[in-house]
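Keep the structure open beside you as you read.

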Amino acid sequence: GCYCGWTCPLGLQTWLSPSCRPCSDSCRLFYPEDPLKIVRGQGQYLYDEQGAEYLDCINNVAHVGHCHPHVVRAAHEQNQALNTNSRYLHDNIVDYAQRLSETLPEKLCVFYFLNSGSEANDLALRLARKYTGHWDVVVLDHAYHGHLSSLIDISPYKFRDLDGQKEWVHVAPLPDTYRGLYREDHPNPAGAYASEVERLVNSIQEKGRKIAAFFAESLPSVGGQIIPPAGFFQEVAEHIHRAGGVFVADEIQVGFGRVGKHFWAFQLQGQDFVPDIVTMGKSIGNGHPVACVATTRAVARAFEATGVEYFNTFGGSPVSCAVGVAVLDVLEREQLQAHAASVGGFLMELLEQQKAKHPIIGDVRGIGLFIGVDLIKDGATRTPATEEANYVVSRMKENYILLSTDGPGRNVLKFKPPMCFSADNARHVAATMDAILTDMEEKVRSCETLRLQPGGGPAERCPSLEEMKSAPQIHGGGDLQL
Ligand SMILES: Cc1ncc(COP(=O)(O)O)c(C=O)c1O
C-alpha cells in the first residue's frame, strides 16, 4: 500500500485531505467517501477504532483467520531465533517445500519462494520463456496477474486503461457461462471456449509468433468470480503444448483449500489436469508476505541452464517458511478445507433462495468459499446492475458487513472470506442482503406507482440510490455484531 511514507502531523482528517496526503491518488481505500480505520482483526472479524465489529466477507489473504494465534506465534518464535536469507541450510525451507509438495501432483516438485503474487507470476513468465525459448503469452480477457510492468502487460484488466495490448500478448475470451460467448444453454461450453483458444493459437502461429505460456487464474476472480467449465483447461493445455508453450495456473486468490472440494482450484477441472507451473500468494502466508512458484524439474532445469543465479533477498526466509508451515498446520488441524465446502455450500443455498426472491440477482455461482452474486438490470439483457451493486455494498457496510464487487461491470458481489467464516455468518449475511434488496425494491415500486398515477410524479421524485442510502439502518435476521 501507499500509507507508509511519513505521518501527517494533523491527524486522520487532514491525512485524508488531498493537500496533505503523503501518497498518490492512484492508491485507493475501500469505501472512499467514508473510509474505515481498522485497528484489530480476529478470525473473520475486523474492528474499527471505536471497537465496532465488522464481518469480513472478502479478505482471502487472512486465509485461516485474521491474526491466527498459531501463525502469529510461529512468526514470533522464528523471529526470535533467526531471520536471514536462504543462502544457508535451514530446516524450515526444506520442511515447507516438503509440506507443499504433499498437496500438489507429483510432477510439480520444484519450489521457488518469493514475497508477493506479482513476483511469483513474473518468475513464472521468466521460467516459461527460458523453458520454451518462446516469448508470447495468451491470457484470458479481464484477467489480472499483478502490478509489475511484465504483468500489467498480460493483464487486460489493467493494460486496456494504460498503454494497450502489446504485440506479444493475445487475449482469449473469458469462459464465462453466464455472460460470455457460450452460456449455460450451450451443449459443450468447455469445448467451445477451448476452440476459441485453438483459433487464437493458430492465428498467432500464422503470424510467425511463438507462444511461451498460457496464463489463467484457476477461477478468474477480477473477471467476475467465474467458474470455468470442467475440461476447459485440459483442452487449452493441449493447444498450448502443441504450440510449444506451458500452462501457468495462477492460484494466488483461489488456492489452499478455498474451493473446498480440492486443495487447488485447478483440480476442479479434473484429476487428469496438471499445470506446468503453479503460482501462489495472498493466502499462503495469512498476511505475511510469502509467495511461491511450483514447477516441474524440466522447467527448472532449463532455467538453471542459463547459469544465472536466482536470488531473492527475503524469499524463503526462515520466518516466511515458518509462517507458511503454520498456515498449512491450521488448515489441517481445523479442517478448514472441509469447512469451506460445507459453509460455502450452505451460503450458496441461502443465496440461491435470495435469487428466487429478488429478480435483481441474475446468477449465483461459486464453489466452496469463492462465490459471486451477479446483479442485473433485467433478465433478458443481463445488463450489469453496477449502481445497485455499489448501493448494496454500501448498505451492507452500514450493517457491519464488508463486501465488494468484481467483474468488468463491477456488478458481481464477491464472497471470499477468511476460511473460518461460519454458518451463522452465512445466515446473517443472507438475511441482511434480503432486507436491503427488499427495501430497495419497495422504494422502486412505490416510485413506479407514483409515476403511474394520473398526473403522476415526475421521474425526479423517485429516490435515487444515494437518497435511499440515508434510509434507516436495516436489521437482517441474525444478530448484528456491534
Ligand atoms: C490473481 C492474482 N494474481 C496476482 C496478483 C498479484 O499479487 P500481489 O498483489 O501479491 O503482488 C493478484 C493480486 O491481487 C491476483 O489477484
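## Who surrounds the ligand

For the classes used here, Ala, Val, Leu, Ile, Met, Phe, Trp, Tyr, Cys and Pro count as nonpolar, Asp, Glu, Lys and Arg as charged, and the others, Gly among them, as polar. By that scheme, the shell around the ligand holds 2 nonpolar, 8 polar and 3 charged residues. This is a predicted model, in which local features need pLDDT of at least 70 and side-chain atom pairs count only at pLDDT 80 or more, while totals for chains, interfaces and linings use all residues. Residues are numbered from 1 along each chain as its sequence is written, and side-chain values use heavy atoms, with hydrogens and water left out.

The shell has 13 residues, and Gly-117, Ser-118, Asp-250, Gln-253 and Lys-282 are the closest; a residue is near the ligand if one of its heavy atoms lies within 4 Å of it. Helix H4 (residues 117–132) gives the largest share of this shell, 3 residues. Helices are DSSP runs of H or I with at least four residues, strands are runs of E with at least two, and both are numbered from the N terminus.

Which ligand atom lies 2.8 Å from an N or O atom in the side chain of Asp-250? A nitrogen atom does. Ligand oxygen also takes part: one such atom is 2.9 Å from a polar backbone atom of Gly-117, and an oxygen is 2.9 Å from a side-chain N or O atom of Gln-253. Taken alone, the ligand exposes 390 Å², and the protein buries 85% of that (accessible areas by the Shrake-Rupley method with a 1.4 Å probe).

## A hairpin

Strands S1 (residues 38–42) and S2 (residues 45–48) run antiparallel, joined by 4 bridges; strands pair if DSSP finds at least two bridges between them. Arg-40 has Tyr-47 in S2 as its bridge partner. In this hairpin, with 2 residues between the strands, Gly-43 takes a positive phi near 55°.

Definitions and conventions. Polar contact = N/O pair within 3.5 Å; in protein donor to acceptor, adjacent residues only side chain to side chain.
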